[in-house]
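Please read them with the structure open.

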Amino acid sequence: MASRAALIAGVIVVIALVAAAALVMGGEKTKPAETPPGTTSPAPSTPATPAETATETGAAGRREIVLKVGLLVDESGPTSDVGRDYARGAEAAFKYFNEKGVYTKDGVRVRFEYVKRDYAYNPSKAVEFYREFRDRYGVVAIVGWGTADTEKLADQVAKDKVLYISASYSAKLVGKPFNFFPAPDYSTQACAAVKWMAEKKQDARLALLYDHKVAYSKSPIPAIKAYAPEAGVEIVADVDLPLKATGADAERAIQQAMGSKPDFLWCGNTIHSCSLAAKALVKYGLEAVQVSNVWGFDERFPQMAGSGVEGKVAGVSPWIWPEYAKDKPGYKEVYEAAKMMGISEDKVNLRFMQGFMNVWLLVKAIERTTSTELMEKKGEALKEALESSCQGDPIQLGDITPPMRFCPGKHLPFTSVYIVVYGEDGKFHFEGPVSPEGFDCVAATQG
């Protein structure tokens with residue numbers, strides 16, 4: 001009897017422990033599904049397509065298309081000095097347009113789900129992430145970044161019919177069927193800068209500073225060398241300036257350029273090394289004006305280069321910078337997106353706007369296609385929608401860009417730029433627009 005009583009008591013204890021455990025576990029909240037870094041929604045376990053992710057939502061049974069988009073950025077590599085704000089602008093745009101509402105031509109709402117990857121400016125990593133975007137997430141569009149990787153992927157995205165809007169404005173992308181950007185190509189921009197130099201000084205002498213091993217830095221050089229004699233500008237030096245230059249690297253480059261007594265310098269890198277070159281220019285008293293390409297010069301340049309650069313530096317920009325046009329309609333949308341992200345107005349700069357604009361161009365493509373076309377033809381429908389601007393109504397991003405036309409075989413939406421001069425008064429001055437009319441800078445690059 002004693003053993004039976006002990007057995008019963010043991011069973012009672014076990015039941016009590018199990019009940020207590022169940023009570024404790026019932027009080028815990030269910031852990032949410034993990035979201036991959038940079039992803040706005042849980043990752044699908046199988047490849048997705050727009051057709052598979054279209055849903056019927058709402059009491060009224062309204063259709064909604066969920067569009068998967070890849071966002072490829074450099075937030076940790078050698079171009080992160082301009083890449084981080086670009087990524088921030090693109091993410092703000094996705095959230096802003098999702099909130100505001102994006103609709104196809106026949107009135108069906110489209111909602112973005114984007115997947116962000118930081119490839120650290122490594123083209124091989126970019127290819128790896130592209131395959132992930134395509135095979136795992138089934139994206140129909142990508143908002144991308146650098147020159148080497150975008151050029152490397154151009155034929156593949158055409159084969160896969162994935163719309164690709166890049167921050168690279170390489171002339172080699174102008175003829176690629178699925179590549180777009182809302183700007184003149186690098187070569188056309190650089191030719192415009194050469195034209196501006198020729199207008200400033202007769203028989204001007206120009207020294208080139210850029211990383212001789214980086215595709216982005218090298219991109220416009222053939223066009224500059226081809227166009228300069230036509231414009232009456234002599235190329236007097238071709239100097240290697242590393243993209244990740246140190247102060248000593250920049251000083252060596254400036255000293256090398258000084259031997260050719262240039263009137264102008266072209267800096268073809270990003271803002272980090274271009275600002276170091278400007279600092280060295282001042283240190284050694286070189287009497288020349290340094291003009292940097294679009295990624296080498298922005299609102300931060302004077303602070304990064306230090307004192308003494310007033311009247312000695314300038315940069316190329318296809319657009320007025322946000323701070324100087326904040327009351328115009330297109331720019332107001334940029335600021336509204338920033339506000340939605342909790343970003344103060346003083347943090348909205350050219351880079352943020354460039355990221356925003358690339359997503360906005362994707363929105364324009366959606367607005368020019370029907371839901372049926374988008375579901376059936378996916379990226380190809382978006383490509384055709386942008387190319388409808390060739391003969392139809394031009395595309396405009398508010399008043400940030402001139403009217404843009406993308407034609408099949410030539411995605412060159414406009415050809416003018418501003419030369420932004422940091423004057424002796426310590427203020428930025430927008431000169432232009434300037435356009436290298438009468439010379440095909442794209443063809444000069446493509447050879």
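1. Seven strands make up an open sheet of mixed pairing, in the order β9-β8-β10-β11-β12-β13-β14. From one strand to the next the twist averages 25°. Strands here are DSSP runs of E of at least two residues, helices are runs of H or I of at least four, and both are numbered from the N terminus. Two strands count as paired if DSSP finds at least two bridges between them. Axes are lines fitted to C-alpha atoms, for helices over the stretch in contact, with angles from 0 to 180 degrees between N-to-C directions.

2. The model is a predicted one, in which local features need pLDDT of at least 70 and side-chain atom pairs count only at pLDDT 80 or more, while totals for chains, interfaces and linings use all residues. Residues are numbered from 1 along each chain as its sequence is written, and side-chain values use heavy atoms, with hydrogens and water left out.

3. Overall, the protein has 16 helices and 14 strands. Of its 447 residues, 53% count as buried, where buried means under 20% relative accessible area, exposed over 50% and partly exposed in between (1.4 Å probe, protein chains only). The protein exposes about 18900 Å², of which carbon and sulfur atoms supply 52%; these areas come from the Shrake-Rupley method with a 1.4 Å probe, and for residues only the protein chains shown count as cover. Among contacts with a separation of 6 or more, 69% are between residues 24 or more positions apart; contact means heavy atoms within 4.5 Å.

4. At the β14 end of the sheet, strand β13 (residues 417-422) runs antiparallel to β14 (residues 428-434), and five bridges join them. Ile-419 has Glu-431 as its bridge partner in β14. The two strands form a hairpin with five residues between them, and Gly-426 in the turn has a positive phi of about 75°. Strand β12 (residues 313-317) also pairs with β13 in the antiparallel sense, over five bridges, and Ala-314 has Val-421 as its bridge partner in β13.

5. The bond from Gly-432 to Pro-433 is cis, with omega near 10°, and Pro-433 is placed in β14.

6. Which strands does helix α10 lie across? Helix α10 (residues 271-283) lies across β8 (205-210), β10 (264-267), β11 (289-292) and β12, and runs at about 180° to β11.

7. The largest nonpolar core has 122 residues, of which Phe-97, Phe-112, Trp-295 and Trp-319 touch the most other members. Such a core is a set of buried Ala, Val, Leu, Ile, Met, Phe, Trp, Tyr and Cys residues joined through side-chain atoms within 4.5 Å. Helix α13 (residues 350-367) gives this core its largest share, 12 residues. At least three core residues come from each of domain 1 (65-183 + 323-414) and domain 2 (186-317 + 418-446), with bounds taken from an automatic or database domain assignment. Another core, of 27 residues, lies apart from it and includes Ala-193, Trp-196, Leu-206 and Cys-441.

8. Beyond four places in sequence, Phe-112 touches Leu-67, Val-69, Phe-94, Phe-97, Asn-98, Val-102, Leu-362, Val-363 and Ile-366.

9. Two residues other than glycine have positive phi. Tyr-121, in the loop between β4 (109-118) and α4 (123-137), has phi near 65°; at 16% relative accessibility it counts as buried. Lys-261, in the loop between α9 (247-258) and β10, has phi of about 50°; at 64% relative accessibility Lys-261 counts as exposed.

10. Apart from neighbours within four places in sequence, its contacts include Val-157, Tyr-164, Gly-379, Glu-380 and Lys-383. Phe-178 and His-411 are 233 residues apart in sequence but 9.2 Å apart in space, C-alpha to C-alpha.

11. Helix α15 (residues 379-387) is mostly covered, with seven of its nine residues buried. Among the buried ones are Gly-379, Lys-383 and Glu-387. Their cover includes β5 (141-143), β6, β7, α13 and α14 (371-377).
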